[in-house]
Amino acid sequence: MLTAEAVIDLQALQHNYQTLKQHCPQQQLVAVIKGDAYGHGALRVAQTLTSADMFAVARIEEALELRAAGIETPILLLEGCFCLEDLMLAAEQRFHTVVHSDFQLQQFTSAQLPAPIQVWLKLDTGMHRVGIEREQFCEFVQQLQRSSNLAGELGFISHLSCADDLQSDTTARQIALFEELTKAYSGPKTLANSAGVLFWPDAQYDYVRAGISLYGISPSEQSIGQDYQLKPVMSLKSKLISVRQHRKGEPIGYGEIWRASEDTLVGVVAMGYGDGYPRSAPAGTPVYINGRIVPIVGRVSMDMLTVDLGADASDKVGDSVELWGRQLPIERVAQALDTIPYELCIKLTKRVAKTLAS
Ligand SMILES: *Cc1c(COP(=O)(O)O)cnc(C)c1O
């Protein structure tokens with residue numbers, strides 16, 4: 001019996017792609033599939049999104065795997081190359097790379113590459129993580145444009161730090177700085193992540209980079225994907241492996257952190273931190289079973305977690321349980337867990353089988 005599984009709905013993925021496309025019909029859409037497509041399976045996602053204009057990943061190994069599997073769509077390395085060997089590989093494989101530092105500029109301009117490579121110059125417009133400063137901008141542009149290693153026109157990329165917060169004035173300042181620095185250049189520009197696509201049309205430029213929203217998940221803690229007509233791609237499921245009588249006052253699980261206030265039935269679900277479900281889940285974290293939400297009680301252990309089914313429950317061993325997905329938005333679960341959906345879906349372990357929704 002298959003217990004813990006992440007059921008992947010490729011039709012929902014396609015639907016989300018089309019829905020996002022409607023937000024930016026003039027733009028090219030970059031599907032961000034780093035981190036094994038946020039735990040959804042990068043290769044299958046890439047094979048499904050055949051009309052994506054580009055894919056983006058964080059590490060060259062992720063890009064190499066996609067190429068080796070026959071994905072010919074352009075692939076952008078979001079943080080560029082970290083050493084000369086990787087830059088050579090990137091040129092060989094025709095990846096797009098990013099230059100965000102003196103180190104990368106030196107490496108790029110002095111390398112003897114097997115072929116010219118497309119470069120996106122990363123500007124720091126406010127994230128202050130990677131990217132070059134305003135004062136360095138002209139120098140970087142000149143050096144890159146002069147290099148025979150550059151293929152095509154130099155592109156420009158920056159990243160929004162607060163786009164999920166509609167009250168913050170940071171995004172408007174980031175857009176203004178990006179605009180000011182790049183307006184004299186005709187090369188391709190990209191600034192928006194999912195929150196940029198959904199909330200900041202001025203940030204869309206030529207290419208938008210959508211990650212979390214492709215998977216049907218809202219980039220904002222104030223909403224769920226469904227609010228934007230997005231559909232959850234992943235449903236994390238497992239099974240009830242036991243239903244037990246539990247008497248008032250009895251504790252449950254490691255550390256006895258919960259005691260029943262009434263006689264009840266406790267369900268044991270084959271799902272634990274060994275599957276990537278957070279051990280930190282507090283009592284009350286929602287779980288979906290047989291048409292209703294029940295609370296987690298007691299500590300999540302490696303292979304199991306326990307839920308309070310209620311005294312009148314008729315749930316049986318083998319019944320299907322959904323931890324998040326179609327019936328229970330992952331945004332709600334993330335809120336209960338004091339984290340964000342990104343972290344939940346990417347942390348699933350390989351013990352969780354990936355299956356396709358029918
Ligand atoms: C991960 C990432 C994205 C995608 O962000 P979402 O919020 O998932 O849409 C876009 N751009 C960069 C540089 C990233 O690292």
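Mentor: Let us begin with a definition: a salt bridge is a side-chain nitrogen of Lys or Arg within 4 Å of a carboxyl oxygen of Asp or Glu. Please keep in mind that this is a predicted model.

Trainee: How far apart are the closest N and O atoms of aspartate 315 and arginine 292?

Mentor: Side chains of opposite charge can pair when their charged atoms come close. The limit for a salt bridge is within 4 Å, and aspartate 315 does form one with arginine 292. The separation of their closest N and O atoms is 2.6 Å.

Trainee: Where do aspartate 315 and arginine 292 lie, and how many residues apart are they?

Mentor: Aspartate 315 belongs to the loop between β14 (305–308) and β15 (320–324), while arginine 292 is in strand β13 (residues 292–297). This pair links distant parts of the chain, and its separation is 23 residues.

Trainee: Is aspartate 315 buried or exposed?

Mentor: Buried means under 20% relative accessible area. The relative accessible area of aspartate 315 is 9%.

Trainee: How many salt bridges does a search of the whole structure find?

Mentor: One of them joins lysine 347 and glutamate 343, at 2.5 Å from N to O. Glutamate 343 counts as partly exposed because its relative accessibility is 34%. The search of the whole structure gives a total of 13.

Trainee: What is the N to O distance between the side chains of lysine 21 and aspartate 53?

Mentor: Here, too, the test is a nitrogen within 4 Å of a carboxyl oxygen. The side chains of lysine 21 and aspartate 53 meet in a salt bridge, with an N to O distance of 3.5 Å.

Trainee: Which parts of the chain does this pair link?

Mentor: The two residues are 32 residues apart, so the pair is described as linking distant parts of the chain. Lysine 21 is partly exposed at 21% relative accessible area, and aspartate 53 is partly exposed at 26%. Lysine 21 sits in helix α1 (residues 10–23), and aspartate 53 in the loop between α3 (42–48) and β3 (54–57).

Trainee: Which residue does UniProt list for "modified residue: N6-(pyridoxal phosphate)lysine"?

Mentor: This annotation comes from an unreviewed UniProt entry. The residue lies in helix α2 (residues 34–39), and its relative accessibility of 29% makes it partly exposed. The residue listed by UniProt is Lys34.

Trainee: Which residues make the nonpolar surface patch of about 320 Å²?

Mentor: One member, methionine 1, is in the segment before β1 (5–8). Methionine 1 is exposed because its relative accessible area is 71%, and exposed means over 50%. The patch is made by Met1, Ile241 and Met304.

Trainee: Which residues gather in the surface patch of negative charge?

Mentor: Asp and Glu count as negative. One member, glutamate 221, lies in the loop between β9 (207–210) and β10 (234–246). The patch gathers Asp164, Asp165, Glu221 and Asp338.

Trainee: What percentage of the residues in the chain is buried?

Mentor: The chain has 11 helices and 16 strands. Its C-alpha atoms fill a box of roughly 75 × 45 × 35 Å along the principal axes. Of the 358 residues in the chain, the buried share is 54%.

Methods. Residues numbered from 1 in each chain as written. Predicted model: local features only at pLDDT ≥ 70, side-chain atom pairs only at ≥ 80, totals over all residues. Heavy atoms only, no water. Patch = residues over 30% accessible without salt bridge, like charges linked within 9 Å, V, L, I, M, F, W, Y side chains within 5 Å. Areas by Shrake-Rupley, 256 points an atom, 1.4 Å probe, with all protein chains shown as cover. Charge placed at Lys NZ, Arg CZ, Asp CG, Glu CD. Helix = DSSP H or I, 4+ residues; strand = E, 2+ residues; numbered from the N terminus. UniProt positions renumbered as here; feature names shortened; annotations may be inferred. Buried < 20%, exposed > 50% of the residue type's maximum accessible area, 1.4 Å probe, protein only.
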